[in-house]
Amino acid sequence: MHVKLPQLNKVLDAKKGDNLFLRLRDEQVPIASSCNGDGVCGKCVVTVVSGKLDTPNTLEASLLEKYNHTAEERISCQCLIGDDLVLTTTYW
Ligand code: FES
């Protein structure tokens, strides 16, 4: 499967179950973080334009609520890839 990042003109290969934050970092995609993927800072949020991630875990659900994120926004360090994705952020 693929993760498309139209703003960066990039398409990444991915496997079902890959951690999204780590997959982006592996490909040197800039992704905001001050907790290095520990699920604390909430900065690694991405917007899902299309595609599927796993259901938010308890930690991600609490961060999404804490930072008032929309239904399309996900905390990438807590997400597992479920299908082809198209993603954006405000800073790409
Ligand atoms: S990198 Fe801090 S919550 Fe994801």
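This is a predicted model: local features need pLDDT of at least 70, side-chain atom pairs count only at pLDDT 80 or more; totals for chains, interfaces and linings use all residues.
A salt bridge here is a side-chain nitrogen of Lys or Arg within 4 Å of a carboxyl oxygen of Asp or Glu.

β1 has two partners to mention. With β2, residues 10–13, β1 pairs in the antiparallel sense over 4 bridges, and L5 stands opposite K10 there. The hairpin of these strands has 4 residues between them, and N9 takes a positive phi near 60 degrees. With β5, residues 81–88, β1 runs parallel, joined by 2 bridges. On that side, K4 stands opposite V86.

Now the interior. In soluble globular proteins, nonpolar side chains tend to be buried together. The largest nonpolar core in this model has 23 residues. Those with the most contacts inside the core are V3, L5, L20, L85 and L87. The elements giving two or more residues to the core are β1, α1, β3, α2 and β5. Which element gives the largest share? That is β3, with 4 residues. As for V3, leaving aside neighbours within four places in sequence, V3 is in contact with K10, V11, L12, A14, I81, L85 and L87.

On to the charged side chains. How many salt bridges does the rule give? The count comes to 3. In one of them, R23 pairs with E27, and the closest N and O atoms are 2.7 Å apart. R23 counts as buried because its relative accessibility is 15%, under the 20% cut-off. E27, at 28%, counts as partly exposed.

R74 takes part in a salt bridge with D54, at 3.6 Å from N to O. This pair links distant parts of the chain: R74 is in strand β4, residues 73–75, and D54 is in the loop between β3 and α2, 20 residues apart. R74 has 9% relative accessibility and so counts as buried, whereas D54, at 25%, counts as partly exposed.

R74 also meets E60, with an N to O distance of 2.6 Å. Here too the pair links distant parts of the chain, with E60 in helix α2 and R74 in β4, 14 residues apart. Are E60 and R74 buried or exposed? Both are buried. Taken together, D54, E60 and R74 are linked in a network of salt bridges.

Technical notes
Residues are numbered from 1 along each chain as its sequence is written. Side-chain values use heavy atoms; hydrogens and water are left out. Two strands pair if DSSP finds at least two bridges between them. A nonpolar core is a set of buried Ala, Val, Leu, Ile, Met, Phe, Trp, Tyr and Cys residues joined through side-chain atoms within 4.5 Å. Buried means under 20% relative accessible area, exposed over 50%, partly exposed in between (1.4 Å probe, protein chains only). Contact means heavy atoms within 4.5 Å.
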